[in-house]
Amino acid sequence: MKLQGYIAGMTWGFMGERGTWANTTAAFSMEQMSATTQVNWTAIAFSAMQKTAHSTEIPFWENPTVSDDEVKWAIHKARSLGLKICLKPIVNCSDGTWRAHINFFDKDVPCEPKWSQWFHSYNRYIIHYARIAEETGCEMFCIGCEMVQTDRRETEWRNLISEVRAVYSGLITYNCDKYQEDNVSWWDALDIISSSGYYPIHDWELQLDRIETVVMEYNKPFFFMEAGCPSRTGSSAIPNDWMLVGNPNESEQAEFYRTMFSACEARSWVQGFMLWDWPAVLYPQEIAPTNDDYCVFGKEAESVIAEHYVSKTREFVDVKESEIN
């Protein structure tokens, strides 16, 4: 199976908790995402919670993780809207520590938590949803997101990829964090390279130059599994800082998207985006000018994204038609 066409995508549902999916509110959210941004893909994203960055148990079957029925509902809803789907289970820490800091000693020490224990639990978590992705026909599966300290554990990741391939027949990717594309040594085991594109508005060309060397080395398709910017003054210079203090500013968000799309347009190896993000529970459209989060619903950036996505998907259709003729 190969990646076909441009990924004009949006991440849906992240931060959703059990009971917030599979209802009319969530259905309205996904319908609005499809209609207003002209997406052809969505990454259905949700998280399981381990207690701390040094815990070794990931109880994905418990609250607040959305239920399996809710995950299947979201997949079927996206399919009814004509979208291709990447299923994206994520792990987070209940104490608020960012998952990039999940870490253990490189050498096992008695009475200390171990990598082997953590990966045993993580593999169980990921394989569970890989089976659901296969059962429901998801075109892509993401085996991890921004797990910076784990990236060096090459043997464990290769083992997980092998286990996923035993139960899932679609495309497999890993969402590395920003600036980490050239630190992952096991891209060859995956179908697609993907990363988080939270690069400062003035720095896109430099970072694309750096990422291009990785893409060329591994000769794999590439897209940004995450990318975006809050609608907040100052955020375009540091789009990964969701806690930045600033006034609502949808024009700055829109300009970030224009700049990002323009920079990537010249790089044919950038095969799309799963933009961040679109919640299962939308804010009322009338308060969009005062909302300063990543979601673009009702904001200037919404039309910027839609115009770009229409042009890119139309471009792919034109190429296919020319090949036929």
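# Barrel and pocket at a glance

Within strand S5, Ile172 is the bridge partner of Phe141. This is a predicted model: local features need pLDDT of at least 70, side-chain atom pairs count only at pLDDT 80 or more, and totals for chains, interfaces and linings use all residues. Residues are numbered from 1 along each chain as its sequence is written, and side-chain values use heavy atoms, with hydrogens and water left out. Strands (E, at least two residues) and helices (H or I, at least four) are DSSP runs, numbered from the N terminus.

**The barrel**

- Eight strands form a closed barrel in the order S1-S2-S3-S4-S5-S6-S7-S8, and their pairing is parallel.
- On average, neighbouring strands of this sheet are turned by 25° against each other, direction ignored.
- Strands count as paired if DSSP finds at least two bridges between them.
- S7 (residues 222-227) pairs with S8 in the parallel sense, over two bridges. Phe222 has Val270 of S8 as its bridge partner.

**Strand S4 and its neighbours**

- S4 covers residues 140-145, and six of its six residues are buried (under 20% relative accessible area, with a 1.4 Å probe and protein chains only).
- On one side, S4 pairs with S3 (residues 84-93) in the parallel sense over two bridges. Here Leu87 has Phe141 of S4 as its bridge partner.
- S4 also pairs with S5 (residues 171-176), again in the parallel sense, over four bridges.
- What lies between the paired strands along the chain?

**The largest pocket**

- The largest pocket holds about 880 Å³ of space.
- It has 31 lining residues, and those closest to its centre are Phe14, Met15, Asn92, Trp242 and Trp276.
- S2 (41-50), S3 and S8 (270-278) each give at least two residues to this lining.
- The lining of the largest pocket counts 13 nonpolar, nine polar and nine charged residues. Asp, Glu, Lys and Arg are the charged class, and Gly falls among the polar ones.

- Most residues other than glycine have a negative phi, and most peptide bonds are trans.
- Met15 has a positive phi, near 75°. Met15 sits in the loop between S1 (7-12) and helix H1 (24-37). Is Met15 buried or exposed? Met15 is exposed (over 50%), because its relative accessible area is 63%.
- Asn219 also has a positive phi, about 55°. The loop between helix H5 (204-218) and S7 holds Asn219. Asn219 is exposed, with a relative accessible area of 68%.
- A cis peptide bond runs from Asn63 to Pro64, with omega near 10°. Pro64 belongs to the loop between S2 and helix H2 (68-80). The relative accessible area of Pro64 is 30%, so Pro64 is partly exposed, in between the two cut-offs.
- Pro64 and Gly16 are 48 residues apart in sequence, yet 8.3 Å apart in space, C-alpha to C-alpha.
- Trp276 and Asp277 are joined by a cis peptide bond with omega about -15°. Asp277 is part of strand S8.

Terms used
On a 1 Å grid over the protein atoms alone, a cavity is a set of points where a 1.4 Å probe fits but cannot get out, and a pocket is an open set with protein on both sides within 12 Å along at least five of seven lines; lining residues have an atom within 4 Å of a point. Grid points are joined across faces, edges and corners, and a volume is the space filled by probe spheres set on the points. Axes are lines fitted to C-alpha atoms, for helices over the stretch in contact, and angles run from 0 to 180 degrees between N-to-C directions.
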